[in-house]
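I opened the model to look up a few local features. My notes follow in the order I took them.

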Amino acid sequence: MMVVVSETATGGFAGVDGLDAIMERGGERLRGWMRRTERHLERVTAEAGTPLAVHANATVNPAGKRLRPLLVVLAAESAGGPPETDEGAERLVRAAVAVELVHSATLVHDDVIDGALLRRGRPTVAAVAGRQVAVATGDLLFSRAFAELARNEDVEQLWALSQASSALAEGELLQREDAYAAHVAVERYLRRCELKTAALFEAACRLGALTAVEASKGLADGLGAFARRIGLAFQMLDDVLDVSGPVERTGKSRGTDLLDGTVTLPFILAREREPELAAFDLSSLEGPDGPREAEALCERIAATGALEEARERALAVVAEAKAELPGMLPDGRSALLGLVADAVVERYR
């Protein structure tokens, strides 16, 4: 795979879905970690030098939710927090930054592949500077991610992030293979979501656990399994939102994924319920009337009840995630991670 939250008193999360509750519960300590992560991100991208630094910084500037770095920090705190030394703190921040850089790199490259002009309502790097600069910007972000994490001198951490990066590439290839497909099994769709989204969620919690004073492989595995389920539900609900909208909430037109030929869970389920939709060819949406026709297709999908079924499946995954929170965590340390699971559901409401 080739691989913006305004600054506020809560470190950039206030008012964003259910994440503001997490920041409030986490108090000044959590806000402090997120502010440090934000500053470190700015430094890393600025060090690239012009002109790539401009595009790299625009990609990671505070307009996203920073959910993955937040998971790194929460996982570390759940495992006792980092060692109380300057280097211990830096190791945690570098891990959080590395995860966000990989995520940002995938967004830049996804926009190149999809020919997207906007990302979160703003022009993409490809739209502003062209395909070649966008590819180079994504490559830069990937390389900086691993350069940062290498400074932690921990092979297990590098392995966790490299596994997730490989999964991202595999997931993108699967999505390309399935584009405009007449039939995609639910199991294959879920596998694609695990690769493209859930794997990086898992890596985030693994990295956080591995930077903590109470780090252990068992704890990293347990927190990783929790995060993988959260990431899967996150993507499932994101695909529901693509069909349900509205644009004021999602920042993109309804059916954008369908326009790109991406076969998502609501469309898969709707095809099973409605014979006429089973024969619908997504490539027919190409052309100047595509956006209008995609919105009409979204209405047809919604009419089958597929959105409700997809949502229920996602909620079941969230429940599984909560059940998988490691029992070895000391009392109270799993509370904020549980709120992350709730925040994923809150996105849909």
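I count a salt bridge when a side-chain nitrogen of Lys or Arg lies within 4 Å of a carboxyl oxygen of Asp or Glu. The model is predicted, so local features need pLDDT of at least 70, side-chain atom pairs count only at pLDDT 80 or more, and totals for chains, interfaces and linings use all residues. Residues are numbered from 1 along each chain as its sequence is written, and side-chain values use heavy atoms, without hydrogens or water.

Entry: arginine 68. I found arginine 68 in helix H3 (residues 67–78); helices are DSSP runs of H or I, at least four residues, numbered from the N terminus. Arginine 68 is buried but has no salt bridge. Buried means under 20% relative accessible area, exposed over 50%, and partly exposed in between, with a 1.4 Å probe and protein chains only. Which side chain of opposite charge is nearest to arginine 68? I noted glutamate 100, 5.3 Å away. Leaving out residues up to four places away in sequence, arginine 68 touches Val99, Glu100, His103, Leu200, Phe201, Ala204 and Phe234, contact being heavy atoms within 4.5 Å.

Entry: phi values. Most residues other than glycine have a negative phi. Glutamate 153 has a positive phi, near 55 degrees, in the loop between helix H6 (131–150) and helix H7 (155–178). Glutamate 153 is exposed, at 73% relative accessible area. For tyrosine 180 I noted a positive phi near 65 degrees and a place in the loop between H7 and helix H8 (186–210). Tyrosine 180 is partly exposed, at 30% relative accessibility.

Conventions. Helix = DSSP H or I, 4+ residues; strand = E, 2+ residues; numbered from the N terminus. Lys, Arg positive; Asp, Glu negative; His and termini not counted.
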